[in-house]
Amino acid sequence: MAKYRFVAYMLWFIGGVYGLHHFYLGRDRQAFIWWCTGGFLSVGVLRDFWRIPEYVDSANEEPRFMRRFLSRIQILEKPPFSAARFLAQLCFGIFLGYLSLLAIPESLLTEIPIVGMLVVPVAVAIGVHTVGNVGREEGPLRPALYGSFLLCPFLALPNGIAHQTVVSAVLFQRKRRYRQTREPWRDQNICRRLLVLGIAATVITSMWCSGIYFNCSITTSSGETIRVRDAVNHFFNSPFWKEFVDTMKRLFQRAWAKGWRRVWSDLMDSLDPQGESNAYRVLGINQSASDEEIKQQYRKLARQYHPDKNKDLGKKEAEERFIEIQEAYETLSKIRLKRTSKTGKKPEQHRS
């Protein structure tokens, strides 16, 4: 299927940092690199603005483009050195190297250091190889692996990652060659292409999640440092999460008993969009209370927490509590008034 410059530029404008235009043109490796790095922090995206016509001609194998390309192959034994591609290999190799190191738990690195010495060089080589095989150039993975593993015994992580990437990229340069056909992804089924990219994206996302969960920490307002994994465990043991899970269970049970059509309305009720449940909680009464009971409770709490009469709390705290009570009473009054005008009857009790 022919590719069009207008469509490529539109996709570049809409999702250039995600590599949409590269995916459209069958340059799946470059689309994946752009997705991982945001188009090398948008620098590569800006460069694509001038390169898209060439990419489109390559994808369509335009006669004029192919004549120039084939004549270049006849003159040159291998592709000339490209500073932009070499720099991209360094950046993406270092990115994957540090990301793979981040994904390994620190405790595992301390107990079994060889894990980092095996995983990180492979990630570096994959980064170098991926960039090196974009477009009309290609090269084997083996020299990139040789280069990344060459310095492992001499350089400690993480300082050695940059040196490993440089050596890996240099050795890869020696084995580069022209690819006389388009990238193989170009002619594959789109579902298969999406599947491959989805798996690759899942691996990258998993590495980020692993790194954040095992090795990152957060600082509280009091200045205490807490591991993210501890904070996550505390969150799943918190009253908020347990209450949320209980609410979802009740909704599922009710939907199973009364039909799935009630799920949405029950869900909205549980989220309390009108603030009705919160108002009952503030006033300290249950939802079956009558209008008179609500009014009596409101007057009692209003006298108790009036800023000029309350001596147990500070004036500011008492004022905040007093305002909260007033807002809760006004919320319930408005809700019940709406229901009265809608039904024409005065509801003495709220439905449970």
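A nonpolar core, as I use it here, is a set of buried Ala, Val, Leu, Ile, Met, Phe, Trp, Tyr and Cys residues joined through side-chain atoms within 4.5 Å. Buried means under 20% relative accessible area, exposed over 50% and partly exposed in between, with a 1.4 Å probe and protein chains only.

**Ground rules**

I am working from a predicted model, where local features need pLDDT of at least 70 and side-chain atom pairs count only at pLDDT 80 or more, while totals for chains, interfaces and linings use all residues. I number residues from 1 along each chain as its sequence is written, and side-chain values use heavy atoms, with hydrogens and water left out.

**Entry 1: the cores**

I looked up the largest nonpolar core and found 28 residues, of which Leu25, Ile33, Phe92 and Ile204 touch the most other members. I then asked which helices supply at least two residues each to this core: they are α1 (5-15), α2 (20-24), α3, α4 (43-60), α6 (83-103), α8 and α11 (190-215). Helices here are DSSP runs (H or I, at least four residues), numbered from the N terminus. Another core lies apart from this one, with 16 residues, including Val282, Ile285, Ala302 and Tyr305.

I also listed the contacts of Phe92, leaving out residues up to four places away in sequence: Phe32, Ile33, Cys36, Thr37, Phe40, Gly127, Thr130 and Val131. Contact means heavy atoms within 4.5 Å.

**Entry 2: the end of α3**

Which of them is buried and which exposed? Phe40 counts as buried because its relative accessibility is 19%; Leu41 is exposed, at 76%.

I checked their backbones too. Most residues other than glycine have a negative phi. Phe40, however, has a positive phi near 50°, and Leu41 has a positive one near 55°.

**Entry 3: α6 with α11**

The axes of α6 and α11 come within 7 Å and cross at roughly 50°. I take axes as lines fitted to C-alpha atoms, for helices over the stretch in contact, with angles from 0 to 180 degrees between N-to-C directions. The two helices are therefore oblique to each other; angles under 35 degrees count as roughly parallel, over 145 as roughly antiparallel, 65 to 115 as roughly perpendicular and the rest as oblique.

From α6, I noted Phe95, Leu96, Leu99, Ser100, Leu101, Leu102 and Ala103, which meet Ile204, Met207, Trp208, Ser210, Gly211 and Asn215 of α11. By class, this contact has nine nonpolar, four polar and no charged residues. For the classes, Ala, Val, Leu, Ile, Met, Phe, Trp, Tyr, Cys and Pro count as nonpolar, Asp, Glu, Lys and Arg as charged, and the others, Gly among them, as polar.

**Entry 4: α8 with α10**

Next I turned to α8 and helix α10 (residues 160-173), which pack at about 40° with axes 9 Å apart. That angle makes α8 oblique to α10. Val120, Pro121, Val124, Ala125, Val128, His129 and Gly132 of α8 meet Ile161, Gln164, Thr165, Ser168, Ala169 and Phe172 of α10.

I took a second look at His129, found in α8 (residues 114-132). His129 counts as buried, at 19% relative accessibility. Leaving out residues up to four places away in sequence, His129 touches Gly139, Pro140, Leu141 and Phe172.

**Entry 5: α15 with α16**

My last pair was helix α15 (residues 276-283) and helix α16 (residues 291-304), packed at about 55° with axes 10 Å apart. Tyr280, Val282 and Leu283 of α15 make the contact with Ile294, Gln297, Tyr298 and Leu301 of α16. Six of these residues are nonpolar, one is polar and none is charged.
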